[in-house]
Amino acid sequence: MINMRCIYCDSPGPFDSEHILPRCFGTFEGEQHLENRVCKCCNNLLGNTVDLHLCRSGPEAFFRHYLRIKGRKHHGEFSPYESGPAGRPAAAVMIPYPGKDFMALWELEPGTHNVHLMRQVIVKDKQGEWHPVHVRDSIRTPEALLTLVSSIMDGKAVEVNVFWEAGKEDWLPELVKETYSFSSFNSEKAEMGGFNARASIKLTARPEYFRGIAKVAFNYFLQQDSSINGDEPAFDAIRSFIKDGGNIDRFVRQTSDVLVDVPPGMWFSQYGHILSVARVDGHIRAWVAFIVGPQFPGNKYYVEIGRHPSRILLPRPQLHGHYYHYFEEPTSGHTGGIECLTPGKIILPIGRTPGS
Ligand SMILES: [Zn+2]
């Protein structure tokens, strides 16, 4: 069945072991990888583009940090967020600043979906890339600020924007003036109130992020259906979207579909991700929900994978689902485990609905 050719570029290898969820999401006890499907070259290429975007942008990045999920070294090191005062979770999510071409760090108000702007500098490097840097209370000298900024980006800053909480005096503008002598300097008070973080998730993401979601869904489907290799012509379109991009709406959409049948008033008491795939009327459809857990309903996507190449129509939808959940403490080298989601049966520890 396995033709030993890379499903993306048709090269005869060498191959890499392909993770279903990117490695930055953690390691899950008992997880199986896709073998002999993706060559080392494509694996690297996709890892440095689509996986990276999935790992570094959107609520996934924030929650990975919040849950202290360590990925591969070069992924895991990226952390513009940091722990807040005791009792208050580290809370920041990267969302574009309205009307600007850069992302800013926002704090999630505990128990809500509202966000507000964190105190930060958003620094442009020589290549024109913007880097938001949260400036915590203890950073009070130019040396400390320069050290902090250089831990996030390479080289010298060419432009600096300063943001702090609306309606409050702050020491940061003065400190930035002392630190950066050049004149290209913008200082702007955040005038934004809270807004709905869920509504802004779409804005957060670059196309690579959606390709990353499609890749997770496609990987999961390939793992669940052993009759499929992945290089079949039926999947030309989704492979091309994952590899080169294309019309996002054709493949990936945000959804509010209910993925699991949880009794009213109950909800997951730990964080995790739900992957599920169904074969409906010959079509393969996947649902991916990231960060389902006590304070968050999950960031849910529907992915259209393609027509199943088998001509046999199944009488009932064939449904597979798994819950990749995190342990409170890493156990035997794993950040979490995997539970099978049997249709109509919840076998997971569940608590109360978020906010109730
Ligand atoms: Zn390849």
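Visitor: Are H1 and H7 roughly parallel or roughly perpendicular to each other?

Guide: In this predicted model, the axes of helix H1 (residues 40-56) and helix H7 (residues 207-224) come within 7 Å and cross at roughly 95°. Angles of 65 to 115 degrees count as roughly perpendicular, and therefore the answer for H1 and H7 is roughly perpendicular.

Visitor: Which residues of H7 make the contact with H1, and how many residues in the contact are nonpolar?

Guide: On the side of H1, the contact is made by Leu-46, Thr-49, Val-50, Asp-51, His-53 and Leu-54. H7 brings Glu-208, Tyr-209, Arg-211, Gly-212, Ile-213 and Lys-215. Sorted by class, the contact has three polar and four charged residues, while the nonpolar residues number five.

Visitor: Which element gives the most to the largest nonpolar core?

Guide: This core has 52 residues, and Ile-213, Ala-214, Ala-217, Ala-286, Val-288 and Val-303 are those with the most contacts inside it. Several elements supply at least two residues each, including H1, strand E3 (34-39), helix H8 (236-244) and strand E16 (299-307). With ten residues, the element that gives the most is H7.

Visitor: What does Val-303 touch, leaving out residues up to four places away in sequence?

Guide: Val-303 is among the residues with the most contacts inside the largest nonpolar core. Leaving out those sequence neighbours, Val-303 touches Ile-213, Ala-214, Ala-217, Phe-251, Val-252, Ala-286 and Val-288.

How values were computed: Residues numbered from 1 in each chain as written. Predicted model: local features only at pLDDT ≥ 70, side-chain atom pairs only at ≥ 80, totals over all residues. Axes fitted to C-alpha atoms, helices over the stretch in contact; angles between N-to-C directions. Helix = DSSP H or I, 4+ residues; strand = E, 2+ residues; numbered from the N terminus. Parallel < 35°, antiparallel > 145°, perpendicular 65-115°, else oblique. Contact = placed C-beta atoms within 7 Å. Nonpolar A, V, L, I, M, F, W, Y, C, P; charged D, E, K, R; others polar. Core = buried A, V, L, I, M, F, W, Y, C linked by C-beta atoms within 7 Å. Buried ≥ 20, exposed ≤ 12 C-beta atoms within 10 Å, placed from the backbone.
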